[in-house]
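Here's a quick walk through one model, meant to be read with the viewer open. Keep the sequence handy too.

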Amino acid sequence: THIFPNSGAAAKALAAEVKALIEERAKEGKNVVLGMATGSTPVPFYRELIRLHKEEGLSFKNVITFNLDEYYGLTGDHPESYACFMREQIFDHIDIPKANINIPSGTVPGDQVFAHCREYEEKIDAAGGIDFQILGIGRTGHIGFNEPGSSRDSLTRRITLDRVTRQDAAADFRGEENVPHFAITMGVGTILRGKKLVLMAWGENKAEMVAKAVEGPVTEAISASFLQDHPDARFCIDEGASREL
Ligand code: GLP
C-alpha cells in the first residue's frame, strides 16, 4: 500500500511509471497493454497521461487497451456508457489507434454474450496479457463490476449489478430507475492474470472498503481482497482513503 498526500501526487507518479513503460517498449518496437478503469477515481491519472502526451510528446501508438467493464444495454454513444466516458476522458485527447481500443460491448445480443466474453478473454491473451491494470473500488468492494459472490477464477461475463452499485450510479443516470441492471465485466480471474495491478482510491468514503480489502480476509464477499494474493498488486491511495488502516 502506498499512501500519497493527495490524488494528484499519486496520479503523477503512476502516469510517470506508465510513460516509462510505454517508452521502453517503443524502443524495442513492442506494444504495451493497459487495463483501463472508469469512474471518477482514474480521472486525475488520465488527465496526467493527456498532459504527458501534449507537453512531453508521449505517444500511445504502441498502446493497446482493454477496459474492465461496460453497462449492458447501453450503446457506445449513450452519455453514461463507459465507451463514451473513455473517449471523453482520454481517448479523444491522445494518439492511440482506434483499433487498439477494446471495451466490452453493451449491445451484444443476449444469445451472443457468452461468445463475446470468451472472445474478449482471447483478445487479451492474444495481445500478450495485460501489463498494467488500473482499478478503482466500489462501495461493495468490487473491482470492475465483480460484485460480492464473484469467484477468484471468474472470467469476463455478464453480471447483475448490486443494489448499492446502482444506487451509487443513480445521480449520473438521473434516477436509480434509469441505471442498467446488468453489466459485462472482466472477471476476478481475468484481472488477476494482469502482470501489475494498481488499485486507486481517494477520500474517506473509500476508507472502510480499502481497509477490508487490504487487511481483511481474502473473500468472495469483497472482490478487491483477492489482490492480496497477487504477486504485484498495489493499493495507491490518498490519506483520506487510508484512515481505517
Ligand atoms: C463503478 C466502476 C468501477 C469503479 C467504481 C467506483 O462501479 N465499474 O470500476 O471502481 O464505479 O467509482 P468511483 O471511482 O467513481 O468511486
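Histidine 2 has cysteine 236 as its bridge partner in β10. Before going further, note that this is a predicted model, where local features need pLDDT of at least 70, side-chain atom pairs count only at pLDDT 80 or more, and totals for chains, interfaces and linings use all residues. Residues are numbered from 1 along each chain as its sequence is written. Helices (H or I, at least four residues) and strands (E, at least two) are DSSP runs, numbered from the N terminus.

That bridge partner sits in β10, and strand β1 (residues 2–4) is joined to strand β10 (residues 233–238) by three bridges, the two running parallel. Two strands count as paired if DSSP finds at least two bridges between them. On to strand β9 (residues 196–201), which pairs with β10 in the parallel sense over five bridges. In that pairing, valine 198 stands opposite arginine 234, and alanine 201 has isoleucine 237 as its bridge partner.

Put together, the open sheet has seven strands in the order β1-β10-β9-β6-β2-β3-β5, with parallel pairing. The edges are taken by β1 and β5 (101–102), each with a single partner strand, so one side of each has no neighbour in the sheet. As background, strands of a sheet pair through backbone hydrogen bonds, either parallel or antiparallel.

## The three-stranded sheet

There's also an open sheet of three strands, ordered β4-β8-β7, and here the pairing is antiparallel. Its edges are β4 (69–72) and β7 (157–160); each has a single partner strand, so one side of each is left without a neighbour in the sheet. The twist averages 30° from one strand to the next, with axes taken as lines fitted to C-alpha atoms (for helices over the stretch in contact) and angles running from 0 to 180 degrees between N-to-C directions.

Zooming in, β7 and strand β8 (residues 182–185) run antiparallel and are joined by four bridges. Arginine 158 stands opposite isoleucine 184 in β8.

## Helices against the strands

Helix α1 (residues 7–27) lies across β1, β2, β3, β6, β9 and β10, and runs at about 145° to β10. Contact here means that the C-beta atoms of two residues, placed from the backbone, lie within 7 Å.

Which residues of helix α3 (residues 82–89) are buried? They're Tyr82, Ala83, Phe85, Met86 and Gln89. These cover an arc of only 160° around the axis, which puts them on the same side of α3; the arc is that of the directions from the helix axis to the C-beta atoms. The buried residues of α3 pack against β2 (32–36), α2 (43–56), β3 (63–67) and β4. For burial, C-beta atoms are placed from the backbone: 20 or more others within 10 Å make a residue buried, 12 or fewer exposed, and anything in between partly exposed.

## Two loop arginines

Arginine 152 is in the loop between β6 (132–135) and β7, and is partly exposed, with 15 other C-beta atoms within 10 Å. Not counting residues up to four places away in sequence, arginine 152 touches Val188, Gly189 and Phe226.

Arginine 174 belongs to the loop between α5 (163–169) and β8. Arginine 174 counts as exposed because there are 10 C-beta neighbours inside 10 Å. Check the backbone as well: arginine 174 has a positive phi of about 55° although it isn't a glycine.

## Around the ligand

The ligand is surrounded by 13 residues, the closest being Gly39, Ser40, Thr41, Gly136 and Gly138. A residue is near a molecule or strand if its C-beta atom, placed from the backbone, lies within 6 Å of it. By class, the shell has four nonpolar, eight polar and one charged residues. Ala, Val, Leu, Ile, Met, Phe, Trp, Tyr, Cys and Pro count as nonpolar, Asp, Glu, Lys and Arg as charged, and the others, Gly among them, as polar.
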